[in-house]
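Colleague: Could you take me through the aromatic rings of this model, one step at a time?

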Amino acid sequence: MTLTNSASGTNDNANMVTGLNVIQSGDVTLGDGSPNTVNVTGNVTDAVLGTQVSSEAALNLGNNSYTRVTVHGNVSGQDTRRGKIAGLSVQDAGSVLEGKTGTQVEVMQDTGRADEAIGLDVQNGGKLTLGARTKVTVNHNSILQDGDSSNLYGYGIQKDASFVSLRNEANIISNGYTATEVYTHEDGAVTILGDFTSVGAHADYDYNAYGVWSDNSGINILGKESVITSLETGRGNSVALSASTGGANQVGDGTQLKADNEIGFAYGVKTNQGTNNLGENINISSYSSKLSAYGMATSGTQGITTVKDGLVIQTVADGGQARGIYNEQDGITTIGNKASINVTGLASSGYGMDVSGGKVKMGDNATIQVKGTSGYGISIGQETGSSTVEMGKNASITVESDDMSVGVLNDGGTMTAVKNFSSQVSGVIDSYGIVTADGGVTTIGSGAGISVEGENQLDTGGLWDVTPTIENGLNVYDEAGNVVGTKDEWYLTKLTKTVNDDTRPLLYSGDSTYAMYRRSIDTLRQRRGNLRQRGKTEDDSGIWVRNRGGQMEGDGWDSRYNIFQLGYEYSDTAGSVYGFFGERGIALPDYETGSGKEHTLIQILWLKLVVMIQRLIYPDKANYRTGEQSLSIEHGRTLYRGKDRSFFIEP
């Protein structure tokens with residue numbers, strides 16, 4: 001039978017609108033290309049369904065069947081039921097809907113409000129099977145009004161303890177207030193999607209977007225080389241793959257998982273008391289513009305995430321923290337060989353692996369690369385339970401940051417790495433290859449390589465640099481001369497203290513300051529000599545200027561300086577001089593590991609008895625001041641001798 005059905009009209013408070021309804025053990029088979037269109041304008045108090053199969057009926061769709069449901073108005077539920085719009089709906093156990101290749105389902109809630117908009121709706125043990133190249137599109141445009149606390153859902157596939165199977169190359173798209181492409185929940189609920197499936201969820205408001213979600217013992221099985229994406233433009237979470245409360249997901253080889261979020265949190269894979277099993281060569285990417293982004297997050301006593309070889313994680317957060325792997329609350333994460341984790345925290349911290357509880361085990365040849373304001377290759381804590389990390393052979397960690405960089409930070413947990421472990425760390429402020437604290441235990445196998453670099457690094461550890469000496473366990477002995485370790489153990493045997501680079505300028509700045517003071521005193525002596533030799537009749541008064549520069553050096557420092565003097569003097573008799581002058585000096589000391597800038601200001605008053613009043617101030621770049629003041633009074637006689645007063649004596 002070939003069905004051509006087009007139902008449209010204006011309704012006001014109808015109980016239910018259905019385009020095709022197959023009930024009570026009926027068995028209907030439709031020909032290829034059968035269209036079913038439902039267009040409703042007005043309010044409906046229960047549901048609007050394109051096709052419904054119930055009461056142990058069976059419906060067989062041909063190739064390229066088409067179902068479209070459009071609603072312009074409100075759809076509200078009765079009693080505890082929610083108002084629903086659905087394309088294909090199977091209502092109960094024993095009811096079956098089957099479709100062949102090229103099935104298309106479109107659901108549009110255009111204006112008004114509906115609680116749920118669903119592409120494929122299967123409930124209470126029903127069964128739905130569709131062929132290859134199925135396409136499901138859901139657009140749920142309802143918006144919560146002020147004071148409305150209920151939620152609005154858009155589902156590509158939604159089932160409760162039922163079975164759904166789509167063959168290869170399915171394409172499922174869901175857009176709405178809360179958007180979920182595939183939602184499988186309750187015990188007995190199973191969704192099977194074939195190879196090359198494309199799943200995309202887009203939520204525009206402040207609730208969540210889920211690509212594939214299993215909950216309450218539901219099971220999702222995805223074929224190889226599928227693409228699952230979630231996008232949230234509001235304040236909710238964006239989760240590409242989620243397993244919660246006993247739910248389980250099985251994902252085929254080569255699948256791509258992508259979660260993007262403009263305001264809220266982004267999760268490529270999220271496991272909370274559920275199970276996620278991922279195949280080989282899985283590619284996970286997550287991005288958040290405002291808050292944190294997670295590649296894989298596992299939590300809960302029953303939370304288990306398992307990934308085979310070749311995992312790639314790329315996590316970027318513009319505003320919050322970025323984490324490649326996050327594990328807490330006794331969750332268990334197991335990753336195969338050749339995993340690659342790349343994390344970038346553009347405005348905050350980046351963590352290749354952050355374990356605050358549970359266990360993470362990673363296979364051989366793993367690489368972790370982290371960039372961020374602060375960067376941590378592996379961070380282990382015990383905020384939510386005991387924490388354990390096990391790394392296989394040839395693990396490599398690279399961390400670059402604008403602040404603190406740490407290859408491994410073990411704060412109370414257990415860290416084990418097999419041979420040839422490497423940690424390369426570069427931070428502008430602080431850099432640490434491996435840090436173990438608060439009772440943590442870190443065991444690194446043979447062939448380890450630790451490289452630590454700092455750019456413009458500040459030694460924030462006080463007055464000293466501390467250089468550790470680490471020995472292999474076979475080279476460490478007790479007082480009796482017995483070997484205390486093994487070849488796979490390393491011991492801290494010695495700490496050498498040296499003055500650090502930031503302390504050196506503090507030690508030598510006093511010498512350079514005193515040298516500049518003495519240089520100013522020398523200019524005073526020089527002026528006094530000039531006064532003695534001046535003519536008593538020709539040079540009775542006037543303004544004078546002197547400028548001099550040079551270089552001086554001492555132990556651990558050298559400095560260039562320049563001194564400018566300006567003065568005025570008046571002499572009314574041969575034995576009397578009145579006057580004053582001021583001095584401005586600048587010195588630029590260099591301490592090899594730092595530099596400074598010194599300024600001198602001097603005021604001097606000359607009286608009849610040659611009285612000098614001197615005040616010197618030395619502010620410098622280190623935000624401290626040194627000051628010297630001196631007062632001297634001289635009184636005496638100058639006795640000239642020789643022809644033309646060629647020499648003099650001052651008693």
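**Rings and their neighbours**

Modeller: In this predicted model, Lys 270 lies over the face of Tyr 267, at 4.6 Å from the ring centre.

Colleague: Over the ring of which residue does the charged end of Arg 323 sit?

Modeller: A charge sits over a ring only if, among other conditions, its end atom is within 6 Å of the ring centre. The charged end of Arg 323 is 4.7 Å from the centre of the ring it sits over, and that ring belongs to Tyr 351.

Colleague: How many aromatic pairs are there?

Modeller: Two rings pair if their centres lie within 6.5 Å. By this rule, the count of aromatic pairs comes to seven.

Colleague: Are Tyr 183 and Trp 213 stacked, edge-to-face or tilted?

Modeller: Planes under 30 degrees apart count as stacked and those over 60 as edge-to-face. The rings of Tyr 183 and Trp 213 are 4.5 Å apart, centre to centre, with 40 degrees between their planes, and the pair is therefore tilted.

Colleague: How many residues apart are Tyr 183 and Trp 213?

Modeller: Tyr 183 lies in strand E15 and Trp 213 in strand E18, so that the pair links distant parts of the chain. The separation between Tyr 183 and Trp 213 is 30 residues.

Colleague: Is Trp 213 buried or exposed?

Modeller: Buried means under 20% relative accessible area. Because Trp 213 has a relative accessibility of 16%, this residue counts as buried.

Definitions and conventions:
Residues numbered from 1 in each chain as written. Predicted model: local features only at pLDDT ≥ 70, side-chain atom pairs only at ≥ 80, totals over all residues. Heavy atoms only, no water. Phe/Tyr/Trp six-rings, centres within 6.5 Å; stacked < 30°, edge-to-face > 60°. Helix = DSSP H or I, 4+ residues; strand = E, 2+ residues; numbered from the N terminus. Buried < 20%, exposed > 50% of the residue type's maximum accessible area, 1.4 Å probe, protein only. Lys NZ or Arg CZ within 6 Å of the ring centre and 35° of its normal.
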